[in-house]
Each structure stands twice: as C-alpha cells, then as structure tokens.
Amino acid sequence: MTASNGLFALIVAVAAGFFASNVQRLVGYLRLGRLDDSRWDNVPRRLYNLATIGIFQRKIFRDGIAGPMHAAIFWGFCVLTVGTSEFIVRGIVPTFTLAHYLPQWAYRFYQNSQDLWGALVIGAVAFALWRRLTHRVKRLQGAETHANDPLLILSWIGLLMVTMFLAESFEMVAFPQHASPYYRPLSYALANVLSFVPQDWAAFFRSLNWWSHGLLVLGFLNYLPYSKHLHVVASLPNVYLSNTSGPGQAGVMKYMDLEAETEQFGAKDVEHLSWKSLLDGFACTECGRCTAVCPANTTGKLLSPRKIIVNVRERLEQRALELQTAGSGRETAEGRPLLDGFISEQELWACTTCRACVQECPVSIDQLSVILEMRRNLVLGESRFPEEVMPAFESMEQRGSPWAFDPGERGKWADGLDIPTMAELAERGETADILYFVGCMGSFDDRAKKTTVAFAKIMKAAGVNFAILGREEKCNGDPARRMGNEYLYQMLARENVDTLAKYHVRTIVTACPHCMHQLGNEYPQFGGHYDVIHHSTFIAHLLAQGRVPLREELHAAVSTFTYHDSCYLGRYNQIYDAPRETLKRALPVVHLVEMPRSGDRGLCCGAGGGRMWMEESEGKRINAERAEEALATGAQAVAVACPFCMTMMRDSISSRDESVPVYDIAEVVAERLG
Amino acid sequence: MKLAVCIKRVPDMEGRFKIASSGTGIDEAGLKFDMSDFDGYAAEVAIQITEKLGAGEVTVISLGPDVVQETLRKALSMGAHRAVQLKHDAPVSDGLAIATALAAELKDGGYDLILCGRMAVDTQNRSTGAFVAELLGLPVITAISQLNVDGGVVKARRELEGAYELIECPLPAVVTIDEGIARARYPSLKGIMAAKKKPLEVKPAQVGAVTYQLEKMELPADRAAGRIIGEGKDAVPELVRLLKEEAKVL
C-alpha cells in the first residue's frame with residue numbers, strides 16, 4: 001500500500017463516517033413521526049412494487065420525454081455503482097480487481113457495461129441540462145422548488161462520468177499494455193484520440209482524473225443529505241414502504257382511535273404525521289408531476305401537492321432541531337408549525353382528494369395523507385373549516401344526509417316501483433340476495449333520482465332479487481371523513497354497519513362510487529365486510545350474461561359519447577373499463593371518444609373531498625375546465641357513473657352547450673329496455 | 001363573571017311532523033332533536049365573553065327529561081363550563097311555569113348575566129326570557145343583535161324595521177338573543193372529549209303553577225295542487241269563473 005492509497009483510505013473513511021452520521025441524523029428525524037406499523041406486511045407485494053415502480057421505473061415512464069431520460073440516469077447509476085465500488089476498493093487495495101472473481105466473459109461484460117452506461121448517462125444528463133436551461137418546463141417551476149439544485153446535481157453527475165472516462169482513457173495512453181477494445185470500447189476510442197499526449201503526462205492526467213472522480217463520488221454522496229437529491233437514497237425504500245399501490249386497498253384513510261388519550265387529533269405539525277409521511281419528504285425530488293395533474297392547482301388555486309411535501313421536509317429539519325435542543329439550555333428559536341407556518345388552511349381545503357397526485361408520483365409519495373391528517377386537526381382539534389360546510393356536518397349528524405332532507409323520505413323515489421325495503425322483507429320473514437345502497441344523492445337529488453330509478457328498473461328487468469334500506473339508510477360518511485370530521489364519520493359508519501348486520505347483508509350494489517369505496521374498502525375498519533359492486537360493473541355483467549332485455553336500436557339519437565371517469569371509481573377502485581363496456585354493449589352503434597385526460601389520468605369533476613359543499617371562488621372552476629375538455633371532443637353526449645360527477649358536469653356543460661346532455665350509464669341502458 | 005344560558009331541546013325543524021295521539025303535542029318518533037338555534041347563539045355569546053375575558057364561568061341550564069342531558073353536553077362541548085338539568089318528565093308549554101323553575105335555579109346562583117334565546121324555534125312563545133327577568137326582578141333587553149359587557153354595564157342593540165335601538169342597563173341583567181349576533185360553533189373533538197368530564201348536575205324542577213293549557217294541536221290542511229286550466233286568452237273566461245265561484249275572490 002502506498003501513501004496515496006493510505007490517503008485515499010483515510011478520505012473514504014471520513015466521507016463514509018460523515019455520510020453515516022447524516023443518515024443516522026435523518027433516520028432520527030423520522031423517529032419524530034407517529035408510529036405506523038402498516039408498512040412491514042405483505043413482502044411479496046412490496047417487492048413487486050419495488051421492482052416495477054422502483055427498478056423498472058413504471059411511473060417515471062408516464063412522461064414520454066423525461067421518462068427515458070431519467071431511466072437512463074437511474075439504470076446507469078445502478079450499473080455504475082458496481083464500478084464505483086470496485087474503484088473505491090482498488091483505491092485502497094491496488095491489487096484488487098473483480099477480474100479475479102469473475103469468469104472472463106462476465107468481467108468483459110461488466111467492463112463493457114460501465115462504458116456503455118457511462119455514455120448513456122452523459123447523453124441523458126446533457127439532455128436534462130439542455131431541457132432545464134432552454135425550456136421552461138411548467139411542472140419544474142414553482143416557488144417551492146430549489147431551482148439551482150438540479151443544475152448543480154446534473155453537472156456533478158456529468159463530471160463524474162467525464163472524469164471516469166478520462167481516467168480510463170489516460171490509463172490506456174499511459175500504459176498501452178492495459179488497452180483493449182474488448183473491455184472498454186469507448187474509453188479505448190477516446191484513448192486513441194488522446195494518444196498524442198506523452199506517456200508521463202498521460203499518467204499525470206490519469207491520476208488527476210482518478211482523484212477528481214474519487215473525490216466527486218465521495219462529495220456527491222455527502223451532498224445528498226442536504227439536497228433534494230436525497231431521493232437517490234430515500235426513494236427506493238419509500239416505494240417499498242408505500243401503500244399507495246397496495247398492499248391493501250388504494251386510498252383507504254387510516255383508522256383513528258377517537259378514544260385515545262391524546263390532546264392532538266390529526267396533524268398540526270410534523271411530529272403528528274406518520275414517520276412514513278416524513279420519509280415522503282426525503283423521497284421527493286420536486287419533479288412536480290403531482291402538481292401538474294392537481295385539479296386545484298391547474299385551475300389556479302394555491303394548493304400544490306409538491307409544496308405540501310417540500311414543506312414537510314423543510315419543517316421537519318427545523319422542528320427536529322427545536323425538539324432536540326429543547327430543555328438543553330441552547331434552545332433553537334421556535335419556528336411556526338407546519339399548519340399556518342408553512343401550509344395554509346386555504347391550501348388544505350382546496351383538495352378534491354382525487355388522488356391524481358398520488359397516482360402520478362414516481363416514488364409512491366402519499367401527498368393526500370398529509371392533507372387529510374391536517375384536515376383532521378383543523379376540524380377535530382380546532383373546529384376550523386369553511387363556514388358553508390357547517391350545515392352539511394349538522395345535517396349528516398341530525399338527518400344522516402349532508403343535505404337537509406327529511407330522513408323519512410329517503411325511500412320515496414321507490415314509490416310505486418314495487419321495491420321492498422329490508423325491513424319489510426324481514427317482517428315477512430323474507431330476505432333479498434342483494435342490497436341496493438342508494439346513497440344520499442341518489443335518494444334526494446332530483447337529477448340523481450333518475451339514475452336511481454333507471455338502475456332499479458334494469459335490475460328488475462334482469463330479475464335481480466334486491467331490496468333497499470329506505471329510511472334506515474344513512475350517509476356512508478365519506479364527505480365527513482374526507483373533510484377531516486372523523487368523529488362524525490365513525491358515528492355514521494358504525495350506524496350503517498349495525499343496520500347492515502341486522503339484515504345479514506353480504507352483497508351490495510350502488511350507483512355511487514363514494515358509497516362503494518366506503519362500504520367496500522373503509523367499513524372493514526368497523527367490522528363491516530361486504531361484496532360491494534358498482535352499478536357499472538354490475539350492469540356490464542348483466543348485459544354480458546344477456547339478462548337485460550334490450551330493444552333493437554340501429555339509429556341512436558346520440559352517435560358519439562365521451563365518458564368522464566369518476567376518481568373514486570377509477571383511481572380509488574381501478575374500474576375504468578366497466579362503464580365504457582356498459583355503454584358499448586347498450587349502444588353498439590355508438591362511437592366512444594376519449595378526452596385527453598381519461599382513465600387513470602382523468603381530471604376530477606371538482607366535487608370530491610367535500611368540495612361539493614364548499615364555495616369555489618379561487619381560480620377557474622374545476623368543472624368548467626372539465627366541461628370544456630368534454631365539449632372539445634365533439635361528443636354529442638357525456639356519460640358519467642357517479643352522482644357527484646353528474647351534478648358537476650351537468651351544471652358546467654348545460655351553461656356552455658345546452659344541446660349536450662349528461663347521462664348516467666344506467667340511464668343509457670334503461671332507455672333501451674325492451 | 002358568572003353567566004347562565006337557558007337552553008331548550010327542540011326537534012329538527014326539517015323533519016316531517018305528525019300530531020301525537022294525545023292531540024296536544026307532536027309525535028316524537030323518528031324526529032331528531034338538537035339545541036334551539038337561538039339558544040345556541042346565546043351559548044356561543046356567553047362562551048365568547050369568557051374566552052375574551054380569559055376568566056368567568058358559563059352555566060347552561062335546561063328543563064326536561066333526561067334526554068336534555070345530550071343537549072347540555074353539546075353546550076359543554078362548545079365550551080360551557082358546567083350544566084344543570086332541571087328534571088321534569090312531563091311536557092310543559094306554559095312559559096311562566098317554565099320561567100318559575102328557571103328563576104328558582106338562577107336566583108341564588110350569583111349570575112351577572114343570564115342569556116336566553118329570543119324564542120324556542122319549535123313553540124315560538126317568546127315569553128320565557130322576559131318572565132325569568134321579571135321573576136328575578138332584573139332588567140331585560142329582548143331580541144338583541146349585538147352585545148357588549150363592560151364595567152358592570154351591558155350595552156345591546158336591537159334591530160327594528162329599518163332602524164335599530166341601542167340600550168344599556170346595569171348588571172345583573174337578562175338578555176334574549178336574536179340571530180345575527182354569533183353562529184354557534186361546531187364542537188371540536190377536543191371539546192367533546194372535555195365535555196365528558198365537565199359537571200352536569202341533575203335537580204328536580206320546581207315548575208310553577210300552570211296558567212294555561214294547550215287544548216289542541218293540528219297540522220295545517222294540505223295545500224291542493226295547482227291546476228292548469230288552459231293557455232292563452234281562451235282560458236280567461238274559465239279562470240274568471242273559477243275565481244268567482246270557487247275561490248270567491250272576485
């Protein structure tokens with residue numbers, strides 16, 4: 001071992017030690033968060049997510065330009081890490097080489113891979129820099145971003161590659177006996193270009209680049225903890241630990257123990273968030289894909305899901321110092337808490353909980369859970385919410401519906417349709433195979449009642465043995481839960497679970513995706529386990545079985561339809577095809593045109609997350625944005641599969657083009673009943 | 001400062017009412033109950049006064065069977081400090097009889113300000129608050145829309161048709177609260193949890209002698225559906241005939 005090896009060993013030890021202490025510091029920060037033990041189960045699913053979303057960059061590729069660019073850098077990083085490891089060990093123990101441990105073909109493959117991926121990374125980095133410097137890519141802008149950090153990082157990676165190539169090439173110039181085109185062909189080619197350099201100079205340049213490369217690697221490693229590029233370290237663990245793509249149902253809000261001995265319900269500051277939400281802050285690299293698809297942000301509202309996550313990390317780094325120095329006599333000045341200090345009430349209430357941000361995040365960050373935990377604190381802890389929401393809360397509590405309708409009239413839509421209630425059947429000692437959970441809109445809203453009746457008629461025509469709850473049905477509680485009112489939500493959920501238990505209900509159909517998501521995915525938290533089928537799936541199924549007698553109709557009044565995806569049906573329950581399938585089966589002659597944003601990229605109607613009950617005065621109305629998109633397809637009619645979407649789409653479309661009707665898919669089918 | 005708020009538990013006015021078989025009250029089956037709106041404003045006003053002072057105590061009082069405890073708990077969860085149920089199981093409709101029971105409880109409580117709703121939203125008698133003041137020998141300002149308590153004096157504003165009055169009187173006093181003064185807050189979960197530990201006393205109500213009886217309660221007759229008798233000028237003679245003969249307004 002030479003003095004130079006010794007010096008390098010020392011530098012590696014210091015760099016590794018410094019990095020380790022920083023990792024330990026950041027892990028310590030995570031420990032400030034609340035316990036969350038739902039992150040260790042279902043290893044196969046987590047490994048699958050890690051492989052597809054992490055290693056194979058599934059979500060990164062949703063952007064056709066940045067996707068391949070990032071994948072080149074990421075895969076290059078993975079491949080080159082092997083070379084970097086060998087490089088560091090050799091720097092300390094010069095005799096070490098992987099060639100001793102690998103068969104020749106494998107060693108050659110490995111050497112080739114270093115060269116090829118090095119070149120790809122240079123290309124990708126150059127493209128990324130060019131893109132950042134010459135195109136103001138909209139999603140990369142924003143006051144919360146650290147705009148110079150990516151330029152520094154990209155240049156740094158570029159330099160790492162350049163020094164790697166130069167060190168290799170000058171080595172070949174200085175020691176021609178090491179040169180071979182079969183191992184490092186690109187370095188070999190470069191060495192040929194550089195062959196005019198005298199050998200002793202080449203040896204010097206080799207050393208210069210070797211040391212530069214070594215120091216850049218170790219510096220890079222230690223810069224990460226201070227940069228948004230911490231995602232290099234944090235994102236793969238984050239993907240593994242995330243629940244946003246399973247295991248478990250997507251978008252299920254966490255159960256909250258209301259009897260817990262705590263003064264703090266929900267999150268006012270970072271220590272009230274789950275440690276996983278804090279890790280989200282470390283995993284975020286500010287790519288802005290979330291904010292670019294946020295219906296609130298893109299219609300001019302203050303809310304930006306990226307800012308929420310960036311704020312979590314900023315406040316965490318500040319708060320951790322406060323908490324660590326508390327009582328030590330060297331207290332750090334108290335900053336303002338996450339709520340109000342970093343994130344305003346206005347931002348939190350703008351969220352429609354459409355889940356587009358979560359769907360889009362390439363590293364499985366859960367922006368929604370931060371927003372929703374903070375809403376819980378606002379309502380449960382501080383009773384702060386937009387005042388127009390109060391009547392909805394009071395009505396849900398008093399009348400079991402967010403609208404002030406008489407609960408006794410819940411089943412009135414069924415008058416004269418010969419549809420029994422569960423109570424009536426029970427009195428006669430009978431029961432029904434299927435419960436139709438109608439929901440509040442379907443029961444009380446004049447427009448939605450038409451959907452309700454249409455669906456009921458389809459089921460009757462198909463000979464389905466079903467019943468309703470009538471006045472015993474209550475709001476599923478979704479608006480309350482999404483608006484942070486967990487107390488009210490649990491009250492409603494428990495009452496519904498008790499009612500359903502009374503009639504031994506197993507199978508439920510509903511035309512409301514919010515009812516479906518609650519009953520099917522969130523009621524298990526209260527012991528309610530049911531098969532819940534959305535009417536789109538159910539009707540598609542009945543049609544496929546030929547159980548619905550349809551009239552022959554070759555000349556439909558409407559020849560082109562566009563279908564608007566409901567968030568709670570789509571991104572929450574992955575039902576994208578059934579409603580389209582239903583339309584196609586009901587109207588074989590009809591042409592279905594898609595909006596630019598459809599399927600899992602569908603734009604929210606603006607009503608979710610309790611937004612239905614709030615004013616929307618900030619920016620453009622979300623339903624206006626969506627209506628314009630729907631009308632731009634040239635479709636003659638718009639189909640929906642959610643009563644909330646129906647209201648929002650109908651309001652905004654009818655004020656723009658009265659000739660374009662909005663139908664629920666059930667109405668389209670019922671229209672053709674023979 | 002000691003404040004008392006008299007609150008009444010009333011049915012949800014959005015419900016569909018039926019007359020009970022007794023014929024003198026409503027059938028409570030299926031109805032939801034809550035604090036009368038004006039009493040909610042009164043509780044809010046009282047709580048805000050103690051919050052502003054950073055001191056004081058709000059006592060909420062309600063007369064009725066044990067179910068009124070739920071309504072009292074709601075006031076406690078809003079921020080009132082203690083509650084008293086004047087237990088009385090039979091319904092009472094006579095404002096004076098109720099005021100007598102309330103006054104008996106309030107008399108020795110040492111309250112500086114007693115707040116009532118302007119009226120109960122169900123029976124709308126508008127009498128209890130004023131009766132309580134009279135029985136206690138205290139000044140009363142009714143149906144106020146603004147309130148300011150300062151240095152032993154209460155200043156209040158009353159809305160009139162196209163005008164308003166500003167009235168002041170010394171404490172102790174009784175005020176009855178109109179709308180527009182404050183919205184009853186939505187209790188936070190913190191408040192609900194805290195309310196479970198706050199004192200709720202149950203005392204027998206000393207209801208006064210009943211001075212009148214409710215004889216009979218009836219629902220208004222259903223309004224007949226509208227009729228379209230035709231369109232354009234051809235329909236006019238028939239319309240005139242009906243207005244003369246059926247409606248008898250011409």
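Me: Between which two helices of chain A does the loop with Pro247(A) lie?
Reply: Pro247(A) sits between helix H8 (231-241) and helix H9 (275-283) of chain A. Helices are DSSP runs of H or I with at least four residues, strands are runs of E with at least two, and both are numbered from the N terminus. This is a predicted model, where local features need pLDDT of at least 70, side-chain atom pairs count only at pLDDT 80 or more, and totals for chains, interfaces and linings use all residues. Residues are numbered from 1 along each chain as its sequence is written, chains are lettered from A and ligands numbered from 1 in the order written, and side-chain values use heavy atoms, without hydrogens and water.

Me: How do you know which kind of peptide bond joins Gly246(A) and Pro247(A)?
Reply: By omega. The value is about 0°, and the bond is cis. Chain B has a cis bond from Leu171(B) to Pro172(B), with omega near -5°. Pro172(B) is in the loop between strand S9 (163-170) and strand S10 (173-177) of chain B.

Me: Why is Thr353(A) called buried?
Reply: Buried means under 20% relative accessible area, exposed over 50%, partly exposed in between (1.4 Å probe, protein chains only). Thr353(A) has 1%, so it is buried. Its phi is positive, about 55°, although it is not a glycine. Most residues other than glycine have a negative phi.

Me: What makes Lys248(B) exposed or buried?
Reply: Its relative accessible area is 64%, so Lys248(B) counts as exposed. Phi is near 55° here, a positive value in a residue other than glycine. Lys248(B) follows helix H6 (236-245) of chain B.

Me: How do you know that S1(A) and S2(A) pair?
Reply: Two strands pair if DSSP finds at least two bridges between them. Strand S1 (residues 434-436) of chain A and S2(A) have two bridges, in the parallel sense. Ile434(A) has Phe466(A) as its bridge partner in S2(A).

Me: What makes S2(A) and S4(A) edge strands?
Reply: The open sheet runs S2-S1-S3-S4 in chain A, with parallel pairing. Strand S2 (466-467) and strand S4 (531-534) of chain A each have a single partner strand, so one side of each lacks a neighbour in the sheet.

Me: What makes helix H24(A) a helix that packs on the sheet?
Reply: Contact means heavy atoms within 4.5 Å. Helix H24 (residues 535-544) of chain A touches S1, strand S3 (507-510) and S4 of chain A. Its direction makes about 80° with that of S4(A). Axes are lines fitted to C-alpha atoms, for helices over the stretch in contact, and angles run from 0 to 180 degrees between N-to-C directions.
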